[in-house]
Amino acid sequence: REAVAHFPNNTVCRNGFGETLREIGRLDDAREVFEQTRRDFPDNTVCRTGLGDLLIDMDDEQAAAEVYREALTLDACDRYARGGLARALSVLSARRQDTALRDEAKGMLQDLADEGNHDARARLRDFDDQWQRATTDRSVKFRRETDGQSQPARQQPGRAISDMSIA
């Protein structure tokens with residue numbers, strides 16, 4: 001909180017704080033941080049992708065898909081938002097056992113893989129098995145995007161706020 005107070009207009013700091021809260025299990029607090037950052041920076045794609053990841057963790061894949069689609073209206077080429085949307089649709093399609101939605105998600109991953117995204121390639125290798133398991137096991141959430149090709153600051157979000165107090 002201290003770093004956010006010192007740098008209120010720094011989206012990396014604010015999103016890093018939200019990520020840290022998510023990582024330690026304070027999901028409601030993290031959501032509050034991400035939602036406020038999204039409101040404060042309406043033209044920032046990164047402010048939405050962290051929220052999308054969190055919403056998947058909170059089992060709200062429909063809302064996550066909407067947030068990623070919102071991010072893509074700001075930057076249609078954002079690989080992280082595209083990968084996040086594919087992940088949200090993957091989970092959502094498995095929960096609903098919706099093969100058309102599954103195929104849309106898989107197609108998005110294929111497009112990313114064709115562009116050289118290494119995570120998308122790895123996710124495609126495991127996709128069918130994970131999707132099948134996710135139809136009956138709600139703990140299967142598919143892999144989270146980690147490919148640094150899209151936005152290097154995402155690789156280690158906690159580094160920027162390693163000394164931040166969250167109490």
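At what angle do helix α7 and helix α8 pack, and how far apart are their axes?

## Helices α7 and α8

This is a predicted model. In it, helix α7 covers residues 99-114 and helix α8 covers residues 118-134. The two pack at an angle of about 160°, and their axes lie 8 Å apart. An angle over 145° counts as roughly antiparallel, so α7 is roughly antiparallel to α8. Their crossing is left-handed.

Which residues make the contact between α7 and α8? From α7 come T99, R102, A105, K106, L109, Q110, L112 and A113. From α8 come A120, R121, R123, L124, F127, D128 and W131. Sorted by class, this contact has eight nonpolar, two polar and five charged residues.

## Helices α6 and α8

Helix α8 also meets helix α6, which spans residues 79-96. The axes of α6 and α8 come within 8 Å. They cross at roughly 30°. Angles under 35° count as roughly parallel, and α6 and α8 are therefore roughly parallel to each other. The crossing of α6 past α8 is right-handed.

On the α6 side, the contact is made by G83, A86, R87, S90, S93, A94 and R95. On the α8 side, the residues are R123, F127, W131 and A134. By class, the α6 contact with α8 has five nonpolar, three polar and three charged residues.

## The cavity

How many cavities of 30 Å³ or more does the count give? There is one. The largest cavity has a volume of about 40 Å³.

Its lining is made by S90, L109, R123, F127, Q130, F142 and R143. Helix α8 gives the most to this lining, with three residues. Several lining residues have come up before. By class, the lining of the largest cavity divides into three nonpolar, two polar and two charged residues.

## Helices α2 and α3

Now turn to another pair. Helix α2 holds residues 11-23, and helix α3 holds residues 27-40. Their axes come within 7 Å and cross at roughly 160°. That crossing angle makes α2 roughly antiparallel to α3. The crossing of α2 and α3 is left-handed.

What does each helix bring to the contact between α2 and α3? Helix α2 brings R14, N15, F17, G18, E19, L21 and R22. Helix α3 brings L27, D29, A30, V33, F34, Q36, T37 and D40. The residues of this contact divide into six nonpolar, four polar and five charged.

## N44 in its loop

Where is N44 placed? It sits in the loop between α3 and α4, and α4 covers residues 46-57. N44 touches T11 and L74, leaving aside residues up to four places away in sequence.

N44 can also be compared with D75. The two are 31 residues apart along the chain. Their C-alpha atoms are separated by 9.0 Å.

How values were computed. Residues are numbered from 1 along each chain as its sequence is written. This is a predicted model: local features need pLDDT of at least 70, side-chain atom pairs count only at pLDDT 80 or more; totals for chains, interfaces and linings use all residues. Side-chain values use heavy atoms; hydrogens and water are left out. Axes are lines fitted to C-alpha atoms, for helices over the stretch in contact, and angles run from 0 to 180 degrees between N-to-C directions. Helices (H or I, at least four residues) and strands (E, at least two) are DSSP runs, numbered from the N terminus. Angles under 35 degrees count as roughly parallel, over 145 as roughly antiparallel, 65 to 115 as roughly perpendicular and the rest as oblique. A crossing is left-handed if the near helix is turned anticlockwise from the far one by less than a right angle, and right-handed if clockwise. Contact means heavy atoms within 4.5 Å. Ala, Val, Leu, Ile, Met, Phe, Trp, Tyr, Cys and Pro count as nonpolar, Asp, Glu, Lys and Arg as charged, and the others, Gly among them, as polar. On a 1 Å grid over the protein atoms alone, a cavity is a set of points where a 1.4 Å probe fits but cannot get out, and a pocket is an open set with protein on both sides within 12 Å along at least five of seven lines; lining residues have an atom within 4 Å of a point. Grid points are joined across faces, edges and corners, and a volume is the space filled by probe spheres set on the points.
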